[in-house]
Amino acid sequence: MEIKIFSLFPEMFEGPLGSSLIGKAQEKDILHIDVINFREYSTNKHKSVDDYPFGGGAGMVLQPEPIVSALRDNLDLDDPDTEVILMSPQGKPFTQEAACALAQKKQLAFVCGHYEGFDERIRAFATQEYSIGDYVLTGGELPAMVMIDTISRLIPGVIKEQESYEEDSFYHGLLEYPHYTRPQNFEGMEVPEVLLSGHHENIRKWRKKESLRRTLLRRPDLLEHYEFNKEELKLLEEVKAELAETE
Ligand code: 4GO
């Protein structure tokens, strides 16, 4: 996959995208990430990219010319397999499902704004607009990094075990079951017996049940959209009965 980031602060990306699994994926040629500083596309002598808002008010607004010139110079804006993504608090909420869809694309471009925001006409050049949550940041760089990290680990070869992400929280719409490793007893806290039993079917059921319990207790909103199978409905009833007992 080809990723192009348009930002006034390219150095912000060096650490997060150069290290760990994303860095390795780039070395393995699974992923290519380019950061383009659209200040280089400013045509005035001060290399400025923002100006005062028409109509008055506080803050500066990013002008359309430098960003659009940078996009045109680095992307084929007519390629249907290229998504131009604007990072903004006004975008659609970014979810694991959105990440799965974006991971299928050939090329992704991320447009990171700063200051008060973008001139509205920049939106005409984006194919998507995403928000990573209901809060305001100083720039779109951190949201772009969050999205790139989430999408990258879904690309085959980026994480070791391909099944690994299929067990993630959210992948199937539930939170993950609890994990344990050695020691068997840590400061008096024991690993659940069933995980030591070697009985694969019981372990699978226990994990499914704990996954449902966690989701019910921590994120009941996720269960509103979840499509339960027969076994899951039964396990959820068991969980609810157990919770009613301890009330
Ligand atoms: C994105 C961008 C928050 C998000 C941003 C978010 N803040 N919630 N700030 O994903 C244009 C100027 C937007 C600063 C940018």
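These are my notebook entries on a predicted model, with the residues I looked up one after another.

**Entry 1: helix α3**

I began with helix α3, which covers residues 64-74. Which of its residues are buried? I listed P64, P66, I67, V68, A70 and L71. An α-helix has 3.6 residues a turn, so residues three or four places apart point the same way. I kept that in mind while reading the list. Next I asked what covers the buried residues of α3. The cover includes strands β1 (2-6), β2 (32-36) and β4 (61-62). It also includes β5 (82-93), β6 (107-111) and β7 (117-118).

I moved on to the loop between β6 and β7, where H114 sits. Is H114 buried or exposed? H114 counts as buried, because its relative accessibility is 13% and the cut-off for buried is under 20%. I then looked for polar partners of the H114 side chain. One of its polar atoms lies 3.1 Å from the backbone oxygen of T138. The side chain of E141 also makes a polar contact with the side chain of H114, at 3.2 Å. I set aside the neighbours of H114 within four places in sequence and noted its other contacts. They are L8, F9, L62, T138, G139 and E141.

Y115 is in the loop between β6 and β7 as well. I checked its backbone. Phi of Y115 is near 60°, a positive value, and the residue is not a glycine. Y115 is partly exposed, at 35% relative accessibility.

**Entry 2: other backbone notes**

I found K47 in the loop between β2 and β3 (50-51). Its relative accessible area is 38%, so K47 is partly exposed.

Which residues does a cis peptide bond join? I found R182 and P183, with omega about 5°. P183 is in the loop between α5 and β9 (185-186).

**Entry 3: Q128**

Q128 belongs to strand β8. I read a relative accessible area of 13% for Q128, so this residue is buried. Its side chain makes a polar contact of 3.4 Å with the side chain of Y130. Leaving out neighbours within four places in sequence, I noted that Q128 touches E83, V84, I85, L86, K92 and L102.

**Entry 4: salt bridges**

Side chains of opposite charge can pair when their charged atoms come close. How many salt bridges are there? The count is 14.

I looked at R123 first. Its side chain meets that of E120 in a salt bridge of 2.7 Å, N to O. E120 is exposed, with a relative accessible area of 52%. R123 also forms a salt bridge with E129, again 2.7 Å, N to O. Both R123 and E129 are buried.

Then I turned to K209 and E238, whose side chains form a salt bridge of 2.9 Å, N to O. This pair links distant parts of the chain: K209 is in helix α6 (residues 200-218) and E238 is in helix α8, 29 residues apart. K209 is buried, with a relative accessible area of 13%. E238 is partly exposed, at 29%. The pair belongs to one network, in which salt bridges with shared partners join K209, E210, R213, K234, E238 and E242.

**Entry 5: the surface**

Which residues form a nonpolar patch on the surface? I noted M12, Y135, L137 and L142. Together they have about 360 Å² of accessible area. Y135 is in the loop between β8 (128-131) and α5 (141-152). Y135 counts as partly exposed, because its relative accessibility is 43%.

I also looked up H225, in the loop between α7 (220-223) and α8 (230-246). H225 counts as exposed, because its relative accessibility is 68% and the cut-off for exposed is over 50%. How far is H225 from M12? The two are 213 residues apart in sequence and 37 Å apart in space, C-alpha to C-alpha.

**Entry 6: cysteines**

Last, I searched for disulfides and found 0. C100 is partly exposed, with a relative accessible area of 24%. C112 is buried, with a relative accessible area of 1%.

Notes:
Residues are numbered from 1 along each chain as its sequence is written. This is a predicted model: local features need pLDDT of at least 70, side-chain atom pairs count only at pLDDT 80 or more; totals for chains, interfaces and linings use all residues. Side-chain values use heavy atoms; hydrogens and water are left out. Patches are made of residues with over 30% relative accessible area and no salt bridge: like charges are joined within 9 Å, nonpolar side chains (Val, Leu, Ile, Met, Phe, Trp, Tyr) within 5 Å. Accessible areas come from the Shrake-Rupley method with a 1.4 Å probe; for residues, only the protein chains shown count as cover. A salt bridge is a side-chain nitrogen of Lys or Arg within 4 Å of a carboxyl oxygen of Asp or Glu. Helices (H or I, at least four residues) and strands (E, at least two) are DSSP runs, numbered from the N terminus. Buried means under 20% relative accessible area, exposed over 50%, partly exposed in between (1.4 Å probe, protein chains only). Contact means heavy atoms within 4.5 Å. A disulfide is a pair of cysteine sulfur atoms within 2.5 Å. A polar contact is a pair of N or O atoms within 3.5 Å; within protein, one must be able to donate a hydrogen and the other to accept it, and residues adjacent in sequence count only if both atoms are side-chain atoms.
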